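Reader: I am new to reading protein models. Could you take me through this one, a topic at a time?

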Amino acid sequence: MCALKRSQLKIGAIIKPDGFPEGKIATVENCSLENFVDGDSKKEWPCWTVMTNVPKPLHKYLIVDWGKEDGVIIWTKSNMDFAPIGSKLLRERSGLEEMKNIYGDEPENYIYSLVTYVLDYEYENFNKFYCIERLRDQKIFRYEGQKINIDEEN
């Protein structure tokens, strides 16, 4: 098993998280969210875009760090049009999000609506997620997320 280390999360690093293809970190983004719970307060987190040499949909995936309490999630493209029955809306991780590219090629900034669901709500520790993003140009992205373990050691 190959544990992902926090120190590896930088532009150009080659990584291989358990259960995901090897890839190269291409961009680093900063995300901020005005959530449905309290639009006046913002949540912020970093996001790393990983490019791989495998066919779609795993040609790229996103790693987001929601912080010590909520963990690190890997997001991959989903084929589901909607969250499955039994999913629970994660209001504190849904709302109006802004993503700013801070390192890497093609620096683009996005503002979009984000709705996030917990897929394994019946369990005490949430590990599986689903989200839908809708950009201002009407483009829609759907992702499935899996919480992963990350080694805090350098």
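Author: Let us begin with a definition: buried means under 20% relative accessible area, exposed means over 50%, and partly exposed lies in between (1.4 Å probe, protein chains only). This is a predicted model, in which local features need pLDDT of at least 70 and side-chain atom pairs count only at pLDDT 80 or more, while totals for chains, interfaces and linings use all residues. Residues are numbered from 1 along each chain as its sequence is written, and side-chain values use heavy atoms, with hydrogens and water left out.

Reader: Is Thr 52 buried or exposed?

Author: Thr 52 is buried, because its relative accessible area is 12%. Thr 52 belongs to strand S4, residues 42–52; helices (H or I, at least four residues) and strands (E, at least two) are DSSP runs, numbered from the N terminus.

Reader: What lies 2.6 Å from a polar atom of its side chain?

Author: That is the backbone oxygen of Leu 58. A polar contact is a pair of N or O atoms within 3.5 Å; within protein, one must be able to donate a hydrogen and the other to accept it, and residues adjacent in sequence count only if both atoms are side-chain atoms.

Reader: Which residues is Thr 52 in contact with, leaving aside neighbours within four places in sequence?

Author: They are Pro 21, Glu 22, Gly 23, Leu 58, His 59, Lys 60 and Tyr 61, where contact means heavy atoms within 4.5 Å.

Reader: Changing topic, how many residues of strand S6 are buried?

Author: Five of the six residues in S6, residues 72–77, are buried.

Reader: Which strands does S6 pair with?

Author: S6 runs antiparallel to strand S5 (residues 60–65), with four bridges joining them. Antiparallel pairing also links S6 to strand S11 (residues 140–148), over six bridges. Two strands pair if DSSP finds at least two bridges between them.

Reader: Which residues are bridge partners there?

Author: Ile 63 is partnered with Ile 74 of S6, and Trp 75 with Gly 145 of S11.

Reader: What do S5 and S6 form?

Author: They form a hairpin with six residues between them, and in the turn Gly 67 has a positive phi of about 105 degrees.

Reader: Finally, where is Glu 108?

Author: Glu 108 lies in the loop between strand S8 (95–104) and strand S9 (109–118). Its relative accessible area is 37%, so Glu 108 is partly exposed.

Reader: How far apart are Glu 108 and Asp 120?

Author: They are twelve residues apart in sequence and 33 Å apart in space, C-alpha to C-alpha.
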